[in-house]
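Good morning, and thank you for joining. I would ask you to keep the structure in view while I go through it.

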Amino acid sequence: MSTDTERTITLTVNGVPREATVPVRRLLSDALRHDLGLTGTHVGCEHGVCGACTVLVDGDPVRSCLMLAVQVHGHEVTTVEGLAHSDHQGGQVLHPVQEAFRECHALQCGFCTPGFLMTIAAGLEARDNSAELTEEEVDDMVGGNLCRCTGYANIKKAVHHAAEAMK
Amino acid sequence: MKPAPFRYADPGTLDEVLTVLSSEGEGAKVLAGGQSLLPLLSMRLAAPATLVDINRVPGLDTVEATGDGVTVGALVRHNALLHDDAAARVQPLLARATANVAHPAIRNRGTTVGSIAHADPSGEMTSVLALTDGSVTVATPSGVETIGWRDLFVGPLETSIHGPAVVTSAYFPALPARSGTAFAEAARRKGDYAVCGGGVVVTLDADGRVAAVRAAYISVGLTPEVHDLTDAVVGQPADSADWAAAGELARTLVDPDTDLHASADYRRLLVGVLTERTLAEAAAEALGGMA
């Protein structure tokens, strides 16, 4: 088997089939932003600490800075651009987590927001929201994402708000 | 903050992986979950000439639990092991420790075996391999070998495995009868690298008295070590043993370093506190299991 320095990958991003030719060292986070033009995914620390670049790969949240773009060949990626859905009248309906962030003022500068939204959306979708959401669960859910505006109180409020809406 | 250029291959069989590793030589590195390797590449602390991605190799993503122990394949993600009930029944330390590995998004991708092969002294699963007296299975072009944990860990981020080789699985022996376990860590933020942490196994005799106590710590020392704390509490009733004395003993046995995050003294203090706490928890579990 040969080794490559560049590859053409095909993947599904937010339900749309995409193709890109990337150097093999390209991080998934950079491929989304530079090669596919999806700049909603933010790049903070680039070593897995801040969580800003969190996206879903085959439905599970992962750090896109800790995967190579070539590793998602044939897989399905969801970014923050894929959270809202069309209302079929030319508008968009926000995801309950996005709605809750707006309601609860859970963002200030917005840099960390895409990562929080993806993490929380996946976290809430994976659980039975008819069961009571404990503070500990919320802490666990958002604990891997850094907000340096220190808006955690409102972010946690938004998680509860969204869980309520997703019952 | 971008990896230096490298060559990449993602073979579809283990044989092909070994062939590529052999032909690429010393500069080749195996990529599994990548949650430790990718940061090292991005920070340019490592610049392998070739990455050999094993994610397409079939058969490496299974957890096998028997009465004797649990075998974890090289592509089993921390999160899969965390939620494997059969594995938790045979060796409860697996779920207890993986719950402390990083954050959910990292557990979805990172592998337990990769974390062991990475040999970070602050990694949870290296200490669990030691505490359970486990081993790894390594595939090389000349065959398959098993390496016990004592022969595996050479130093921080260093194992005794050299040349073209892939760790294909890790084996964690079952928890002995009349035993309980616990795992705890202290970290600035839950899920971050622990300032100090550790797991314990308490084994009782048929009368519910302490027969054996073992502990292994993380972020304390350069390689995983198992400390025998039995002498501090041997023969004492499990529900009223002097766990503080065992914690005291542990403090005298460890030799932590000072770094940016904590002084050696603070780490030693944490060893004492966490040991006392986890031993009481493990003993209660062992007693509960006998009732």
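Let me begin with a definition: two strands pair if DSSP finds at least two bridges between them. The strands themselves (E, at least two residues) and the helices (H or I, at least four residues) are DSSP runs, numbered from the N terminus. The model is predicted: local features need pLDDT of at least 70 and side-chain atom pairs count only at pLDDT 80 or more, while totals for chains, interfaces and linings use all residues. Residues are numbered from 1 along each chain as its sequence is written, and chains are lettered from A and ligands numbered from 1 in the order in which they are written.

I start with a sheet in chain B. It is an open sheet of four strands in the order β11-β12-β13-β14, with antiparallel pairing. β11 and β14 (226–228) of chain B are at the edges and have a single partner strand each, so one side of each is left without a neighbour in the sheet. On average, neighbouring strands are turned by 20 degrees against each other, direction ignored; axes here are lines fitted to C-alpha atoms, for helices over the stretch in contact, and angles run from 0 to 180 degrees between N-to-C directions.

What joins β11(B) to β12(B)? Eight bridges do, and the two strands run antiparallel. Within this pairing, Phe183(B) has Gly199(B) as its bridge partner in β12(B).

Is β11(B) mostly covered or uncovered? The strand, residues 179–186, is mostly covered, with six of its eight residues buried. A residue is buried if 20 or more other C-beta atoms lie within 10 Å of its own, exposed if 12 or fewer, and partly exposed in between, with C-beta atoms placed from the backbone.

Now to chain A and its helix α4, residues 135–142, where the buried residues are Val138(A), Met141(A) and Val142(A). Seen down the axis of α4(A), these fall within an arc of 80 degrees, so they line one face of the helix; the arc is that of the directions from the helix axis to the C-beta atoms. They pack against α3 (113–125) and α5 (152–165) of chain A, where contact means C-beta atoms, placed from the backbone, within 7 Å.

Finally, the domains. The assignment for chain B, automatic or from a database, gives domain 1 (7–53), domain 2 (63–173) and domain 3 (179–290). The centres of domain 1 and domain 2 of chain B, taken over C-alpha atoms, are separated by 19 Å.

Technical notes: Two residues are in contact if their C-beta atoms, placed from the backbone, lie within 7 Å.
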